[in-house]
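This report describes selected features of the structure shown below.

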Amino acid sequence: MSDLKPALELRHVARSFSEGERRLDIFLDASIDVHAGEIVALVGQSGSGKSSLLHIAGLLEAPTTGEVYVAGQNCTKLDDNARTRIRRIGIGFVYQFHHLLPEFSALENVMMPQLIAGTGKAAAEIRAKDLLVRFGLGARLDHRPAQLSGGEQQRVAISRALANRPQLLLADEPTGNLDPKTADFVHGEFLRVVTEEGVGALVATHNIELARRMTRLVRLEDGRLLPE
Ligand SMILES: Nc1ncnc2c1ncn2[C@@H]1O[C@H](COP(=O)(O)OP(=O)(O)OP(=O)(O)O)[C@@H](O)[C@H]1O
(Lines give C-alpha, C1' and ligand atoms only; values in the text may rest on other atoms or scores of the structure.)
Protein backbone atom coordinates (compact mmCIF):
# COMPACT_ATOMS: atom_id res chain seq x y z
CA MET A 1 0.00 0.00 0.00
CA SER A 2 2.84 2.40 0.84
CA ASP A 3 3.67 2.78 -2.88
CA LEU A 4 0.31 4.49 -3.31
CA LYS A 5 1.10 7.25 -0.83
CA PRO A 6 2.00 10.57 -2.42
CA ALA A 7 5.70 11.35 -2.60
CA LEU A 8 4.87 14.62 -0.81
CA GLU A 9 1.86 15.89 1.08
CA LEU A 10 1.73 19.35 2.58
CA ARG A 11 -1.31 19.85 4.80
CA HIS A 12 -2.33 23.42 5.69
CA VAL A 13 1.25 24.55 6.01
CA ALA A 14 1.87 28.03 7.38
CA ARG A 15 5.19 29.78 7.77
CA SER A 16 5.85 33.11 9.41
CA PHE A 17 8.90 34.99 10.55
CA SER A 18 9.03 37.30 13.53
CA GLU A 19 11.13 40.43 13.28
CA GLY A 20 10.91 42.28 16.56
CA GLU A 21 7.31 43.32 16.98
CA ARG A 22 6.43 42.53 13.36
CA ARG A 23 5.28 39.18 12.07
CA LEU A 24 5.72 38.33 8.41
CA ASP A 25 3.36 35.62 7.14
CA ILE A 26 4.85 33.94 4.06
CA PHE A 27 2.13 31.35 3.63
CA LEU A 28 -1.05 30.95 5.56
CA ASP A 29 -2.54 27.70 4.31
CA ALA A 30 -0.56 25.85 1.64
CA SER A 31 -1.66 22.30 0.79
CA ILE A 32 -0.52 20.02 -2.04
CA ASP A 33 -0.05 16.35 -2.97
CA VAL A 34 2.73 15.36 -5.35
CA HIS A 35 2.34 11.78 -6.59
CA ALA A 36 4.95 9.39 -7.95
CA GLY A 37 5.48 10.08 -11.65
CA GLU A 38 4.24 13.68 -11.45
CA ILE A 39 6.44 16.68 -12.14
CA VAL A 40 4.71 19.67 -10.57
CA ALA A 41 5.81 23.20 -11.45
CA LEU A 42 5.75 25.71 -8.58
CA VAL A 43 5.44 29.28 -9.84
CA GLY A 44 4.82 32.58 -8.09
CA GLN A 45 6.18 36.10 -7.96
CA SER A 46 9.62 36.75 -6.55
CA GLY A 47 9.28 36.71 -2.76
CA SER A 48 6.04 34.69 -2.81
CA GLY A 49 7.78 31.95 -0.82
CA LYS A 50 8.72 29.25 -3.36
CA SER A 51 12.13 28.60 -1.83
CA SER A 52 10.69 28.62 1.71
CA LEU A 53 8.08 26.08 0.63
CA LEU A 54 10.78 23.83 -0.86
CA HIS A 55 12.81 24.11 2.37
CA ILE A 56 9.78 22.93 4.33
CA ALA A 57 9.06 20.10 1.85
CA GLY A 58 12.75 19.11 2.04
CA LEU A 59 12.64 19.00 5.87
CA LEU A 60 15.28 21.72 6.09
CA GLU A 61 12.88 23.99 7.96
CA ALA A 62 9.81 23.23 10.05
CA PRO A 63 6.48 24.84 9.23
CA THR A 64 5.03 27.20 11.83
CA THR A 65 1.84 25.12 11.68
CA GLY A 66 0.60 22.33 9.42
CA GLU A 67 1.96 18.92 8.48
CA VAL A 68 4.53 17.52 6.06
CA TYR A 69 4.41 13.90 4.84
CA VAL A 70 7.17 12.36 2.69
CA ALA A 71 6.25 9.02 1.07
CA GLY A 72 3.39 8.69 3.55
CA GLN A 73 5.45 9.34 6.66
CA ASN A 74 4.48 12.24 8.87
CA CYS A 75 7.76 14.16 9.23
CA THR A 76 6.38 17.15 11.12
CA LYS A 77 7.58 16.15 14.56
CA LEU A 78 10.61 14.00 13.75
CA ASP A 79 13.92 14.78 15.46
CA ASP A 80 16.98 15.99 13.52
CA ASN A 81 18.46 12.51 13.04
CA ALA A 82 15.27 11.04 11.60
CA ARG A 83 14.81 14.05 9.30
CA THR A 84 18.40 13.76 8.08
CA ARG A 85 17.87 10.06 7.31
CA ILE A 86 14.76 10.78 5.22
CA ARG A 87 16.52 13.67 3.44
CA ARG A 88 19.50 11.47 2.62
CA ILE A 89 17.57 8.52 1.16
CA GLY A 90 14.07 9.71 0.33
CA ILE A 91 14.61 13.20 -1.08
CA GLY A 92 16.79 14.47 -3.92
CA PHE A 93 17.67 18.16 -4.23
CA VAL A 94 18.64 20.20 -7.28
CA TYR A 95 19.57 23.87 -6.93
CA GLN A 96 20.09 26.73 -9.36
CA PHE A 97 23.85 26.40 -8.86
CA HIS A 98 25.08 22.83 -9.13
CA HIS A 99 27.10 22.65 -5.85
CA LEU A 100 29.18 19.77 -7.22
CA LEU A 101 32.37 18.89 -5.36
CA PRO A 102 35.10 20.52 -7.49
CA GLU A 103 37.89 18.04 -6.76
CA PHE A 104 35.84 14.98 -7.74
CA SER A 105 34.87 13.67 -11.18
CA ALA A 106 31.29 13.61 -12.50
CA LEU A 107 31.15 9.88 -11.74
CA GLU A 108 32.43 10.35 -8.17
CA ASN A 109 30.00 13.21 -7.54
CA VAL A 110 27.08 10.95 -8.44
CA MET A 111 28.49 8.02 -6.45
CA MET A 112 29.01 10.14 -3.31
CA PRO A 113 25.44 10.30 -1.91
CA GLN A 114 25.08 6.56 -2.48
CA LEU A 115 28.31 5.79 -0.59
CA ILE A 116 27.14 8.05 2.26
CA ALA A 117 23.83 6.15 2.32
CA GLY A 118 25.71 2.84 2.62
CA THR A 119 25.52 1.52 -0.96
CA GLY A 120 28.55 -0.59 -1.94
CA LYS A 121 31.12 0.97 -4.29
CA ALA A 122 30.44 -1.36 -7.24
CA ALA A 123 26.66 -0.84 -7.12
CA ALA A 124 27.08 2.91 -6.66
CA GLU A 125 29.32 3.07 -9.72
CA ILE A 126 26.85 1.11 -11.88
CA ARG A 127 23.98 3.40 -10.85
CA ALA A 128 26.04 6.58 -11.35
CA LYS A 129 27.23 5.48 -14.81
CA ASP A 130 23.70 4.52 -15.83
CA LEU A 131 22.32 7.96 -14.90
CA LEU A 132 25.15 9.90 -16.52
CA VAL A 133 24.87 7.88 -19.73
CA ARG A 134 21.11 8.51 -19.81
CA PHE A 135 21.88 12.22 -19.49
CA GLY A 136 24.21 11.97 -22.48
CA LEU A 137 27.36 12.29 -20.37
CA GLY A 138 28.89 8.87 -21.06
CA ALA A 139 32.02 10.54 -22.45
CA ARG A 140 32.34 12.90 -19.46
CA LEU A 141 32.48 10.47 -16.53
CA ASP A 142 36.04 11.34 -15.51
CA HIS A 143 35.72 15.11 -16.01
CA ARG A 144 35.76 17.37 -12.99
CA PRO A 145 33.07 20.09 -12.76
CA ALA A 146 35.46 22.82 -14.03
CA GLN A 147 35.97 20.75 -17.20
CA LEU A 148 32.23 20.62 -17.91
CA SER A 149 29.88 23.19 -19.45
CA GLY A 150 27.12 24.75 -17.34
CA GLY A 151 24.47 22.47 -18.87
CA GLU A 152 26.66 19.41 -18.31
CA GLN A 153 27.30 20.39 -14.69
CA GLN A 154 23.56 20.72 -14.11
CA ARG A 155 22.89 17.29 -15.65
CA VAL A 156 25.49 15.81 -13.26
CA ALA A 157 23.73 17.59 -10.36
CA ILE A 158 20.37 16.12 -11.43
CA SER A 159 21.95 12.65 -11.71
CA ARG A 160 23.34 13.09 -8.19
CA ALA A 161 19.90 14.05 -6.87
CA LEU A 162 18.39 10.90 -8.39
CA ALA A 163 21.23 8.57 -7.41
CA ASN A 164 19.64 7.14 -4.23
CA ARG A 165 16.30 6.55 -6.01
CA PRO A 166 14.45 9.10 -3.84
CA GLN A 167 10.65 9.08 -3.79
CA LEU A 168 10.68 12.90 -3.89
CA LEU A 169 12.75 15.28 -5.99
CA LEU A 170 12.81 18.99 -5.09
CA ALA A 171 14.31 21.47 -7.51
CA ASP A 172 14.76 25.23 -7.09
CA GLU A 173 15.24 26.94 -10.47
CA PRO A 174 17.27 23.95 -11.77
CA THR A 175 17.93 25.63 -15.13
CA GLY A 176 17.85 29.23 -13.87
CA ASN A 177 21.58 29.73 -14.27
CA LEU A 178 21.71 28.58 -17.92
CA ASP A 179 21.26 30.49 -21.17
CA PRO A 180 17.77 30.02 -22.68
CA LYS A 181 18.79 27.45 -25.31
CA THR A 182 20.78 25.32 -22.84
CA ALA A 183 18.01 25.69 -20.22
CA ASP A 184 15.49 24.40 -22.73
CA PHE A 185 17.67 21.39 -23.59
CA VAL A 186 18.54 20.53 -19.95
CA HIS A 187 14.87 20.91 -18.97
CA GLY A 188 13.88 18.40 -21.67
CA GLU A 189 16.51 15.94 -20.41
CA PHE A 190 15.33 16.54 -16.83
CA LEU A 191 11.69 15.79 -17.75
CA ARG A 192 12.68 12.66 -19.68
CA VAL A 193 14.87 11.05 -16.99
CA VAL A 194 12.69 12.09 -14.03
CA THR A 195 9.67 10.57 -15.83
CA GLU A 196 11.63 7.36 -16.51
CA GLU A 197 12.56 7.17 -12.82
CA GLY A 198 8.93 7.55 -11.74
CA VAL A 199 9.83 9.99 -8.97
CA GLY A 200 7.43 12.67 -7.72
CA ALA A 201 8.96 16.10 -8.35
CA LEU A 202 8.23 19.66 -7.24
CA VAL A 203 10.11 22.24 -9.31
CA ALA A 204 10.17 25.97 -8.54
CA THR A 205 10.66 28.10 -11.62
CA HIS A 206 10.19 31.63 -12.92
CA ASN A 207 10.01 30.33 -16.46
CA ILE A 208 6.34 29.86 -17.31
CA GLU A 209 7.19 28.24 -20.66
CA LEU A 210 9.21 25.51 -18.93
CA ALA A 211 6.52 25.24 -16.22
CA ARG A 212 3.87 24.46 -18.84
CA ARG A 213 5.85 21.45 -20.05
CA MET A 214 5.56 19.77 -16.64
CA THR A 215 2.67 17.51 -15.56
CA ARG A 216 0.82 20.38 -13.87
CA LEU A 217 1.38 23.80 -12.48
CA VAL A 218 0.57 25.31 -9.08
CA ARG A 219 0.89 28.98 -8.24
CA LEU A 220 1.91 30.34 -4.85
CA GLU A 221 -0.18 33.44 -4.39
CA ASP A 222 -1.29 35.30 -1.27
CA GLY A 223 0.00 32.48 0.90
CA ARG A 224 -1.96 29.70 -0.84
CA LEU A 225 -1.16 27.12 -3.50
CA LEU A 226 -3.61 27.48 -6.36
CA PRO A 227 -3.93 25.04 -9.28
CA GLU A 228 -3.87 26.40 -12.85
N1 LIG B 1 14.87 33.82 7.58
C2 LIG B 1 14.01 34.74 7.14
N3 LIG B 1 13.63 35.77 7.94
C4 LIG B 1 12.75 36.69 7.49
N5 LIG B 1 12.17 36.68 6.28
C6 LIG B 1 12.50 35.68 5.45
C7 LIG B 1 13.44 34.67 5.82
N8 LIG B 1 13.57 33.80 4.78
C9 LIG B 1 12.76 34.26 3.80
N10 LIG B 1 12.12 35.39 4.19
C11 LIG B 1 11.17 36.16 3.40
O12 LIG B 1 10.19 35.28 2.92
C13 LIG B 1 9.72 35.69 1.64
C14 LIG B 1 9.75 34.52 0.69
O15 LIG B 1 11.10 34.21 0.34
P16 LIG B 1 11.45 33.05 -0.71
O17 LIG B 1 12.93 33.09 -0.91
O18 LIG B 1 10.87 31.78 -0.24
O19 LIG B 1 10.68 33.56 -2.00
P20 LIG B 1 10.77 33.04 -3.51
O21 LIG B 1 9.38 32.95 -4.02
O22 LIG B 1 11.59 31.79 -3.57
O23 LIG B 1 11.53 34.22 -4.20
P24 LIG B 1 12.48 34.24 -5.50
O25 LIG B 1 11.62 33.77 -6.63
O26 LIG B 1 12.87 35.70 -5.61
O27 LIG B 1 13.64 33.34 -5.21
C28 LIG B 1 10.60 36.86 1.22
O29 LIG B 1 9.86 38.05 1.43
C30 LIG B 1 11.77 36.77 2.15
O31 LIG B 1 12.30 38.06 2.42
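## Packing of H3 and H5

In the contact between two helices, Ala106, Asn109, Val110 and Pro113 of H3 meet Val156, Ser159 and Arg160 of H5. By class, the residues of this contact are four nonpolar, two polar and one charged. The model is a predicted one.

Two packed helices are described by the angle between their axes and the distance between the axes. Here H3 spans residues 106-116 and H5 spans residues 150-162; their axes come within 8 Å and cross at roughly 25°. Because angles under 35 degrees count as roughly parallel, H3 is roughly parallel to H5. The crossing of H3 with H5 is right-handed.

Leu148 is located in the loop between H4 (121-134) and H5.

Leaving aside residues up to four places away in sequence, Leu148 touches Ala106, Arg140, His143, Gln153 and Val156. Among these, Ala106 and Val156 also take part in the contact of H3 with H5. Leu137 is 11 residues from Leu148 in sequence, and the C-alpha atoms of Leu148 and Leu137 are 9.9 Å apart.

## Surroundings of the ligand

Which residues surround the ligand? The shell consists of Phe17, Leu24, Ile26, Gly44, Ser46, Gly47, Ser48, Gly49, Lys50, Ser51 and Ser52. Sorted by class, three of the shell residues are nonpolar, seven are polar and one is charged.

Strand S2 (22-34) and helix H1 (50-57) each contribute at least two residues to the shell. H1 contributes the most, with three residues.

## Val68 in strand S4

Val68 belongs to strand S4, which covers residues 65-70. Val68 counts as buried because 23 C-beta neighbours lie inside 10 Å, where 20 or more are needed.

Apart from residues up to four places away in sequence, Val68 touches Leu10, Val13, Ile56, Ala57, Leu59, Pro63, Cys75 and Thr76. Met214 is 146 residues from Val68 along the chain, and 23 Å separate the C-alpha atoms of Val68 and Met214.

Conventions: Residues numbered from 1 in each chain as written. Predicted model: local features only at pLDDT ≥ 70, side-chain atom pairs only at ≥ 80, totals over all residues. Near = placed C-beta within 6 Å. Helix = DSSP H or I, 4+ residues; strand = E, 2+ residues; numbered from the N terminus. Nonpolar A, V, L, I, M, F, W, Y, C, P; charged D, E, K, R; others polar. Buried ≥ 20, exposed ≤ 12 C-beta atoms within 10 Å, placed from the backbone. Contact = placed C-beta atoms within 7 Å. Axes fitted to C-alpha atoms, helices over the stretch in contact; angles between N-to-C directions. Parallel < 35°, antiparallel > 145°, perpendicular 65-115°, else oblique. Left-handed = near helix turned anticlockwise from the far one by under 90°.
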